[in-house]
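Here's a quick walk through a protein chain, with the sequence and the fold side by side. Have a look at both before reading on.

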Amino acid sequence: MRFIWQPQPGVVQVVSSGALFRAGVLLNSGEAIERLAGVDTVLFDKTGTLTESTPRLRAVHKFAGEEDVLALAAGLELDSRHPLARAFDSAAAIDIGARLLHPGRGIEGYRDGARLRLGRADFAAGRVDDDALWLGRDGEALARFEIEHALRADAAPTVAQLRAQGLRVRVASGDATDAVQRACMQLGVEDWESRLLPPDKLALLRTLQEGGHRVLAVGDGLNDAPLLAGADVAAAIGGGSALAKRSAGLLLAG
């Protein structure tokens with residue numbers, strides 16, 4: 001008589017978890033493995049996910065006053081986990097009170113009775129939205145910061161491997177159109193969306209799911225939390241926000 005051993009689901013999860021751990025992937029949910037097998041679409045965030053977590057400040061343009069605009073920007077971004085915050089030197093930060101994050105738009109705070117905002121041009125300074133980060137005081141532009149985001153060295157190979165497996169790759173980003181287009185051209189990704197707020201990303205996900213697709217979402221920031229929570233499977237970058245990591249079934253530790 002020949003006996004054939006069939007592993008139980010719990011054993012499979014333990015073995016799979018060990019293999020993923022050795023590959024630098026932490027498993028937050030056992031169901032993530034089962035759902036991963038049915039995925040046909042991968043939806044990536046851009047900044048901090050496909051790009052390096054530390055951006056480079058390429059240029060600063062001042063418009064008014066003698067204020068240290070870099071110190072003001074650093075003060076607004078102090079303790080922020082958004083990748084853009086790493087473009088400013090926290091050691092030079094000026095104390096700014098009552099800071100409030102506006103997901104997908106920017107951050108505001110108050111100093112000497114004036115409202116300061118750092119973020120999109122239309123949000124911070126009442127200017128036409130572009131590919132830069134703007135600093136404004138009471139709606140008046142103080143400075144424009146040009147930020148450079150380098151793609152991760154493994155971003156293009158990762159996209160190529162996913163496509164080779166028959167998966168559809170898309171990018172959903174809150175960044176300006178020009179920046180997203182440049183990155184996606186380098187990656188060979190044709191399906192992308194720019195200037196998406198967190199509800200917009202979730203709406204895109206729901207549209208894909210309603211069309212019969214099973215989606216793996218990959219992100220790192222607070223803005224990605226609703227997307228990660230709603231995806232069939234979610235993977236968060238290890239250096240990302242705590243909320244993003246709590247919303248994901250898989251954690252990329254590398």
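What follows goes through the model's cores, sheet, a pocket and a few backbone spots.

## Ground rules

This is a predicted model, where local features need pLDDT of at least 70 and side-chain atom pairs count only at pLDDT 80 or more, while totals for chains, interfaces and linings use all residues. Numbering starts from 1 along each chain as its sequence is written, and side-chain values use heavy atoms, with hydrogens and water left out.

Helices (H or I, at least four residues) and strands (E, at least two) are DSSP runs, numbered from the N terminus.

Let's start inside. The largest nonpolar core has 22 residues, and V42, F44, V171, V189, L216 and V218 have the most contacts within it. A nonpolar core here means buried Ala, Val, Leu, Ile, Met, Phe, Trp, Tyr and Cys residues joined through side-chain atoms within 4.5 Å. Buried is under 20% relative accessible area, exposed is over 50%, and partly exposed is in between (1.4 Å probe, protein chains only). At least two core residues come from each of β2 (41–44), α5 (155–164), β9 (168–172), α6 (177–187), β11 (215–219) and β12 (233–237). Apart from this core lies another, of 19 residues, with A74, L76, L116 and L142 among them.

V218 is a handy one to click on. Beyond its neighbours within four places in sequence, V218 is in contact (heavy atoms within 4.5 Å) with V42, L43, F44, D45, T49, L228, A235, I237 and L252.

## Around β9

Four of the five residues in β9 are buried, so this strand is mostly covered. β9 runs parallel to β2, with four bridges joining them, and V42 stands opposite V169. Three bridges also join β9 to β10 (residues 191–193), again in parallel, and there V171 stands opposite W192. Two strands count as paired if DSSP finds at least two bridges between them.

## The antiparallel sheet

There's also an open sheet of six strands, in the order β3-β8-β7-β6-β5-β4, with antiparallel pairing. Its edge strands, β3 (56–62) and β4 (97–102), each pair on one side only. From one strand to the next, the twist averages 15 degrees, with axes as lines fitted to C-alpha atoms and angles from 0 to 180 degrees between N-to-C directions.

Two or more lining residues come from each of β2, α5, β11, β12 and β13 (250–252). α5 gives the most, with four.

## Backbone spots to check

Most residues other than glycine have a negative phi. D79, in the loop between α3 and β4, has a positive phi of about 70 degrees, and D79 is exposed at 66% relative accessible area. A98, in strand β4, has a positive phi near 50 degrees and is exposed at 59%.

D68 sits in the loop between β3 and α3 (69–77) and is partly exposed at 45%. D68 and A93 are 25 residues apart in sequence but 9.7 Å apart in space, C-alpha to C-alpha.
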